[in-house]
Amino acid sequence: MECSCGGVVVEGKSCYRASGERYCYILEDIPAYRCTRCGKVLFEDDVVDRIKKLVNRIERESNEITTGKSSIHSYDY
Ligand SMILES: [Zn+2]
């Protein structure tokens, strides 16, 4: 893996933070890569996909909890 700046990346751990109107979510110790040149943190594609799905789910469920309404979307399955 290489950074978009062309720098060398080293393997390590990082955290991912997501926040919305009703939630703040931090996932720690995710396997990640850090660019030794610009310091940018990169995640594997499948890790990014899984995090996005998780965040979507948190967003939906937090809405359900706070509004008391169930919202099942067919695109999740
Ligand atoms: Zn870089």
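Author: A word on terms before we start: helices (H or I, at least four residues) and strands (E, at least two) are runs assigned by DSSP and numbered from the N terminus. Residue numbers start from 1 along each chain, following the sequence as written. The model is predicted, with local features needing pLDDT of at least 70 and side-chain atom pairs counting only at pLDDT 80 or more, while totals for chains, interfaces and linings use all residues.

Reader: Thanks! What pattern does the chain follow when read along the sequence?

Author: The secondary structure comes to one helix and three strands. Read along the sequence, these give the pattern β-β-β-α.

Reader: What is the radius of gyration of the chain?

Author: Taken over C-alpha atoms, this value can be set against the globule rule, 2.2 Å times the number of residues to the power 0.38. For 77 residues the rule gives 11 Å, and the chain is well over that, so it is more spread out than a compact globule. Along the principal axes, its C-alpha atoms fill a box of roughly 50 × 25 × 20 Å. The radius of gyration is 16 Å.

Reader: How much of the chain counts as buried?

Author: A residue is buried with 20 or more other C-beta atoms within 10 Å of its own, exposed with 12 or fewer and partly exposed in between, the C-beta atoms being placed from the backbone. For the 77 residues of the chain, the share is 0%.

Reader: In what order do the three strands form the open sheet?

Author: Two strands pair if DSSP finds at least two bridges between them. In this open sheet the pairing is antiparallel, and the order is β1-β2-β3.

Reader: Which strands stand at the edges?

Author: An edge strand here has a single partner strand, so one side of it is left without a neighbour in the sheet. The strands in that position are β1 and β3 (41–42).

Reader: What angle does the direction of helix α1 make with that of β2?

Author: Helix α1 (residues 45–67) packs on the sheet, touching β1 and β2. Contact requires C-beta atoms, placed from the backbone, to lie within 7 Å. Axes are lines fitted to C-alpha atoms, for helices over the stretch in contact, and angles run from 0 to 180 degrees between N-to-C directions. The angle is about 170°.

Reader: How many bridges join β1 to strand β2?

Author: A hairpin joins these two strands through four residues. Among the partners in β2, R17 has I26, S14 has I30, and G12 stands opposite A32. The strands, with β2 covering residues 24–35, run antiparallel, and the bridge count is ten.

Reader: Is V9 buried, exposed or partly exposed?

Author: V9 is found in strand β1. Beyond its neighbours within four places in sequence, V9 has contacts including M1, Y33 and L42. There are 17 other C-beta atoms within 10 Å, so V9 is partly exposed.

Reader: How far apart are the C-alpha atoms of S70 and V48?

Author: S70 is found in the segment after α1, and with 9 C-beta neighbours inside 10 Å, S70 counts as exposed. Just after the helix, G68 takes a positive phi of about 75°. S70 and V48 are 22 residues apart along the chain, and their C-alpha atoms are separated by 27 Å.

Reader: Which element has the highest mean pLDDT?

Author: The pLDDT is the predictor's confidence in each residue, from 0 to 100. The chain averages 89, and 91% of the residues score at least 70. Among the elements, α1 has the lowest mean, at 92, while the highest, at 95, belongs to β2.

Conventions:
Contact = placed C-beta atoms within 7 Å.
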